[in-house]
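Read it alongside the model.

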Amino acid sequence: MSVLAIGLLYGGATIAVMMIGVPIAFALGLVAIIFMMFFMPSASLDTVTQNVYEEMASITLLSIPLFILKGAAIGRSRAGQDLYSALHVWMHRIPGGLGIANVFACALFAAMAGSSPATCSAIGSAGIPEMRKRGYSGGFAAGIIAAGGTLGILLPPSITMILYAVASEQSLGRLFLAGIGPGMLLVTLFALYAMFRYRLEHRRASAAFDLGGEKSELLREDNLTMRDRFAALPRVLPFVILLTGVMIALYGGFATPSETAGLGAVLAFALIAIIYRVWTWGELEPILVATLRESTMLMMIIGMSLLYSYVMSYLHISQSAAAWIVSLHLSKWILLAMILLMVIVLGFFLPPVSIILMTAPIILPPLRAAGFDLIWFGIAMTIVMEMGLIHPPVGLNIFVIKNIAPDISLSEIIWGTLPFVILMAIAVVILAVAPEIATWFPNLVMSKGR
Amino acid sequence: MTVGLGVEAAIEKEPAAPSNPLVAALDRSLAALNRIIVVFSSVALVAASLILSYSVVIRYALKASTYWQDEASVFLIVAAVFLSSASVQARRGHVGIEAVVGLLSERTNRIRRVLVDVASFFFCAFFAWKSWTLLHEAWVDGQVSGSTWAPPLWIPYSLMTIGMALLSIQIFLQIAGALLPAGYRK
């Protein structure tokens, strides 16, 4: 059989098995071993488990559960609420300040927790009711939180980037740093939009009031003093220390990324024990159980995705597909657009972790040949995958929001997130025009070759 | 997940008890075992975090070299992940694409679910069996890892074998629970 036929069969079988609803991890593993049986020497079947173990037994990959542990510890404490209310006190004078405070709270929290859904539920459960109480429309409030939450996979330490670093053999430290600039770009875009949309809703509310309608909460002014502002600071300080402490440990050369994960988890537990007095087994158990569930599910998908791409590469499917893409001689930007479009489509069905591991061997060689910096591409791809978190049909964050604010209708949430999907697309374009936004910071902090 | 994915966000489902009494009894024993495993795995994760933090401290404070910490953490996390996979399966926590669910009738969906479980079982049982042969070989040949610390490889392999075997048993019980008639009494 030709490589093309095997490749089509491999892809077709994967789609079929996944579509009937076999869990992603088992579906990938099943397709891989069936193709090993038919198309590979029988000895390869005997070493299949060794193969998976050796691929997985890297401390970089296995630090993922520890990053999740740190995120869960912070996510299940009252930290999100505190962070958000402190930012609100400082930003309430800016038009749309409440919305902007939510965007910033999401970004900071995402950087500490490293998970999109965790960020959405931690900030959203305090932020959405508050925004709605102050007259923001349900869709607007939901959009801010859903979009803000996606920053979790862009800002360091992001689990998605750990996988990208492994799949593309790029420096994880560099990738983490490269996410910061684009993360700030997105925060700025989101904040500007929040301000614009607030003005719009404010104008409508005051027009309605002038016509003798009800006085919307949107028109009420807050009066918070300087004292309120400083009183709010100590509540955020410990988390800012955690965040910067971990970053210094990593970039000061004191710790490897995986050691940072362990250190971060230990520090997070220490902080929630000291500040929120969370230390009994009854309080810690839900954190640990949630971490185990998420990590196990994720690591099984990762392990089996690695097996899947091993088979794909053994059968020369990935190499041939990559060579075929190169032979098309597409112009650089068309190639990029096509690949990102494919990532968007895959994002309809698959979580970012499997998209990266399954497609990396096919898409990275042509991109490298076309002269793209793979660190830069990792960032662009991550933003595109962020979009997948807030658009239907999978749009995980949409469902998280639906859970914490059940009275906002699903269509309202989706319309509310749509402008943010567009903003992310704009961010990718800006990033393509000015790649320095991503690459400048890592080049500054780390010497070129590292 | 972003984690990427976020099981926390998924709706927590308490698994329905199988109606067949024998399957239900086996299911209860596995659930009890899973509870112990969850505690053990939690401890393993925290221990791995502590070991990695310890390695940062001793390297910079005591200028001592670190050689076993990374690998010990790998073993602990491998243990946590593989051993708790059965308890994740018990709550259907291994995510799949459920796009077709809404398009099928209730009856077809029941058949689909059994097919899905059979496919999952086939893979997991195969993996468990191959993990066992790997473990056996590592034990007989006394294989050790290639690092300077050189711990025996039967440790992680046995964790992988036990984890995948429990996972297979869990899926088998789920299939049995769906297929066996409820009226069966001893």
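B:Glu106, B:Arg110 and B:Arg113 are joined in a network of salt bridges. A salt bridge here is a side-chain nitrogen of Lys or Arg within 4 Å of a carboxyl oxygen of Asp or Glu. B:Arg113 is partly exposed, at 39% relative accessibility; buried means under 20% relative accessible area, exposed over 50%, partly exposed in between (1.4 Å probe, protein chains only).

This is a predicted model: local features need pLDDT of at least 70, side-chain atom pairs count only at pLDDT 80 or more, and totals for chains, interfaces and linings use all residues. Side-chain values use heavy atoms, without hydrogens and water.

Over all chains, the whole structure holds nine salt bridges. Among them are these:

| Pair | N to O distance |
|---|---|
| B:Glu106 and B:Arg113 | 3.6 Å |
| A:Glu130 and A:Lys133 | 3.5 Å |
| B:Arg92 and B:Asp117 | 2.8 Å |

B:Arg92 and B:Asp117 link distant parts of the chain, 25 residues apart. B:Arg92 lies in the loop between helix 3 (85-90) and helix 4 (106-141) of chain B, and B:Asp117 in helix 4. Helices are DSSP runs (H or I, at least four residues), numbered from the N terminus. B:Asp117 is buried at 5% relative accessible area, while B:Arg92 is partly exposed at 37%.

A:Glu130 and A:Lys133 sit three residues apart in helix 9 (residues 116-133) of chain A, so about one helical turn separates them. A:Lys133 is exposed, at 55% relative accessible area.

Helix 6 (residues 64-75) of chain A is another matter. Eleven of its twelve residues are buried, so helix 6 is largely enclosed by the rest of the structure. The buried residues include A:Phe67 and A:Lys70.

Conventions:
Residues are numbered from 1 along each chain as its sequence is written. Chains are lettered from A and ligands numbered from 1 in the order in which they are written. Helices (H or I, at least four residues) and strands (E, at least two) are DSSP runs, numbered from the N terminus.
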